[in-house]
Amino acid sequence: AGFMIMSMLGSRLFSLATQFITIEQIGLGTLCIAAACHIAVIMSEIVVMRLFAFLIFELCVGLYFPMMGTMKGRIVPESRRSTIYNLYRVPLNAIVVCTLLLKLDTFSCFSATSGMLCVAALAQARLMSRKKNDPSPDGIRQAVRDEESVELVRTVGKTHTILADAL
């Protein structure tokens, strides 16, 4: 029950935090704290310390899901969303299967997840630096790539020209 409360608290904290900092900053902080929690499990033998690390990790889980949903919604094009989301699941399932097949001990398992969380934090930091260099308002490249969108832009442009000539 405590883990579920922390997860719900994380979701609520996300909605409050978005009023003050960017979603990318929330993501970077969440991933860094989650990695620190897993490292704390490896480094500490104290049961209470491990419990608090797991509780804070669940808070990070509650922050992660709305943050990632928002970011994926901004970045992934609507026309290819289902395909790309399914491709996101392939590495996750591979990691789960490898973990189950290898039957890793606690130290190895948490070392691996800590490493993966650190890599995710570095990727998030890179995403943030790309956003700073991007001239678009949302910090996400707005380039039109698929032909349907190009055709829509042409149609809207023609309509705008016709209306301007009529006035």
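How much accessible surface does the protein chain have, and what share of it belongs to carbon and sulfur atoms? The accessible surface comes to about 11,800 Å², and 68% of that belongs to carbon and sulfur atoms; the areas come from the Shrake-Rupley method with a 1.4 Å probe, and for residues only the protein chains shown count as cover.

This is a predicted model, in which local features need pLDDT of at least 70, side-chain atom pairs count only at pLDDT 80 or more, and totals for chains, interfaces and linings use all residues. Residues are numbered from 1 along each chain as its sequence is written, and side-chain values use heavy atoms, with hydrogens and water left out.

**Whole chain.** Show the cartoon. The protein chain has 6 helices and 0 strands (DSSP runs numbered from the N terminus: helices are H or I of at least four residues, strands are E of at least two). Of its 167 residues, 25% are buried (buried is under 20% relative accessible area, exposed over 50%, partly exposed in between, with a 1.4 Å probe and protein chains only).

**Largest core.** Select Ala-34, Ala-53, Phe-57 and Leu-117, the residues with the most contacts inside the largest nonpolar core, which has 14 residues. Such a core is a set of buried Ala, Val, Leu, Ile, Met, Phe, Trp, Tyr and Cys residues joined through side-chain atoms within 4.5 Å. Helices α2 (23-43), α3 (47-75) and α5 (106-133) each supply at least two of its residues, and α2 gives the most, with 7.

Now centre on Phe-57. Leaving aside neighbours within four places in sequence, Phe-57 is in contact with Ala-34, Cys-37, His-38 and Leu-117 (contact means heavy atoms within 4.5 Å). Apart from this core lies another, of 7 residues, among them Ala-17, Ile-23, Ile-26 and Leu-63.

**Cysteines.** The whole structure holds 0 disulfides (a disulfide is a pair of cysteine sulfur atoms within 2.5 Å). Select Cys-60: its nearest cysteine sulfur, that of Cys-37, is 5.2 Å away. Cys-60 counts as buried because its relative accessibility is 3%. For Cys-118, the nearest cysteine sulfur is that of Cys-32, 7.4 Å away. Cys-118 is partly exposed, at 35%.

**Tyrosines.** Select Tyr-85 and Tyr-88, 3 residues apart in helix α4 (residues 81-102). Tyr-88 is partly exposed, at 39% relative accessibility.
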